[in-house]
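Q: I have a sequence and a structure to read. Can you walk me through the main features?

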Amino acid sequence: MKIATWNVNSLRARLPNVLAWLAEARPDVVCLQEIKTEAAGFPELELKALGYQIEVLGQKSYNGVALLSRLPMTDVLRGLPGDASDEQARYLEATIAGVRIASIYLPNGNPVGTDKYPYKLAWMERLIVHARSLLATEIPFVLAGDYNICPTDDDVYDPVGWRDDALCRPESRARFRHLLNLGLTDAFRALHPEPHRYTFWDYQAGRWFRDEGLRIDHFLLSPRTTDRLIACEIDREPRGKEKASDHTVIWCEIQD
DNA sequence: ATGGTAGCCTTGCTA
């Protein structure tokens with residue numbers, strides 16, 4: 001099973017790019033983030049025409065996540081448990097071929113010093129609690145998406161310049177490590193020890209042209225899924241296209 | 001020290 005994740009920065013603005021990539025790469029499952037639309041504005045027909053079933057947790061203008069799957073999806077969970085008052089559309093999980101797969105859009109958290117940062121940290125605490133409960137089920141799972149976390153200084157082009165950013169702050173990184181310490185595996189890093197492999201390049205200041213990016217889109221795998229991990233790759237092609245998202249695609253292959 | 005880009009349906013906010 002080939003699973004991809006992509007922060008598209010508006011699905012409607014990105015639709016031609018998304019359709020072209022899907023037709024070529026033909027993933028079995030796709031986790032989308034920042035679709036920036038309610039379910040009513042979701043381009044359902046175009047994606048169904050490529051053979052995908054669709055689950056959406058939408059929101060007007062901001063956030064929004066979706067799952068596309070060639071195989072049936074069951075037991076859909078909409079929203080990260082732990083705070084019924086949280087209205088931001090950032091978490092969607094379903095069972096596909098016996099694997100729980102989540103599309104995650106973790107809060108950015110900037111600027112540090114506003115309520116956005118404690119919201120991010122609290123959201124990560126809820127994710128830790130939820131990951132622990134998933135582990136207890138012993139069902140294999142994959143948590144894929146835009147974590148808005150640079151795990152280490154090897155994952156950012158300018159560690160000093162970024163050290164006080166919410167994506168690199170020690171409190172953010174500690175919570176990401178906590179997820180790993182539960183027994184989850186950062187699939188890309190497990191297979192690629194080399195530093196400076198990025199999934200995001202800011203639109204501004206020629207960052208893409210100079211390959212000055214960050215690795216913030218991740219696959220976290222449960223132990224039983226890690227045993228089945230065959231490959232995990234960053235596909236830089238979509239970032240170089242016209243009208244590109246500022247994130248590119250990362251995908252992994254799990255033994256069926 | 002600043003500004004630089006993109007998408008929202010805003011004339012600022014989020015990233």
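Q: Let us begin with one pair of strand residues. Which residue in S8 is the bridge partner of tyrosine 105?
A: In S8, aspartate 146 is the bridge partner of tyrosine 105. The model is predicted: local features need pLDDT of at least 70, side-chain atom pairs count only at pLDDT 80 or more, and totals for chains, interfaces and linings use all residues. Residues are numbered from 1 along each chain as its sequence is written, while chains are lettered from A and ligands numbered from 1 in the order in which they are written.

Q: How many bridges join S7 to S8?
A: Strands of a sheet pair through backbone hydrogen bonds, either parallel or antiparallel. Strands here are DSSP runs of E, at least two residues, and helices are runs of H or I, at least four residues, both numbered from the N terminus. Two strands pair if DSSP finds at least two bridges between them. Strand S7 (residues 99-105) and strand S8 (residues 141-146) run parallel and are joined by six bridges.

Q: What is the order of the strands in the open sheet?
A: The order is S5-S6-S7-S8-S10-S9, six strands with mixed pairing. Strand S5 (73-78) and strand S9 (185-186) each have a single partner strand, so they stand at the edges with one side left without a neighbour in the sheet.

Q: Why is strand S1 largely enclosed?
A: Count neighbours. A residue is buried if 20 or more other C-beta atoms, placed from the backbone, lie within 10 Å of its own, exposed if 12 or fewer, and partly exposed in between. Five of the six residues of S1 (residues 2-7) are buried, so the rest of the structure largely encloses this strand.

Q: Which strands pair with S1?
A: Strand S12 (residues 249-254) pairs with S1 in the antiparallel sense over four bridges. Threonine 5 stands opposite isoleucine 250 in S12. Strand S2 (residues 29-33) runs parallel to S1, with five bridges. There, alanine 4 stands opposite valine 30.

Q: At what angle do helices H3 and H4 pack?
A: Axes are lines fitted to C-alpha atoms, for helices over the stretch in contact, and angles run from 0 to 180 degrees between N-to-C directions. H3 (residues 116-137) and H4 (residues 170-181) pack at about 5 degrees, with axes 10 Å apart. That makes H3 roughly parallel to H4. Angles under 35 degrees count as roughly parallel.

Q: Which residues in H3 and H4 meet?
A: Contact requires C-beta atoms, placed from the backbone, within 7 Å. Lys120, Leu121, Met124, Glu125, Leu127, Ile128 and Ala131 in H3 meet Glu171, Ser172, Arg175, His178 and Leu179 in H4.

Q: Where is valine 112 found, and which residues does it contact?
A: Valine 112 is found in the loop between S7 and H3. Beyond its neighbours within four places in sequence, valine 112 is in contact with Tyr117, Asp164, Ala166 and Arg169.

Q: Which residues are closest to DNA strand B?
A: A residue is near a strand or molecule if its C-beta atom, placed from the backbone, lies within 6 Å of it. 15 residues surround DNA strand B, and the closest are Ser10, Ser61, Asn108, Tyr203 and Gln204.

Note on methods:
Angles under 35 degrees count as roughly parallel, over 145 as roughly antiparallel, 65 to 115 as roughly perpendicular and the rest as oblique. Two residues are in contact if their C-beta atoms, placed from the backbone, lie within 7 Å.
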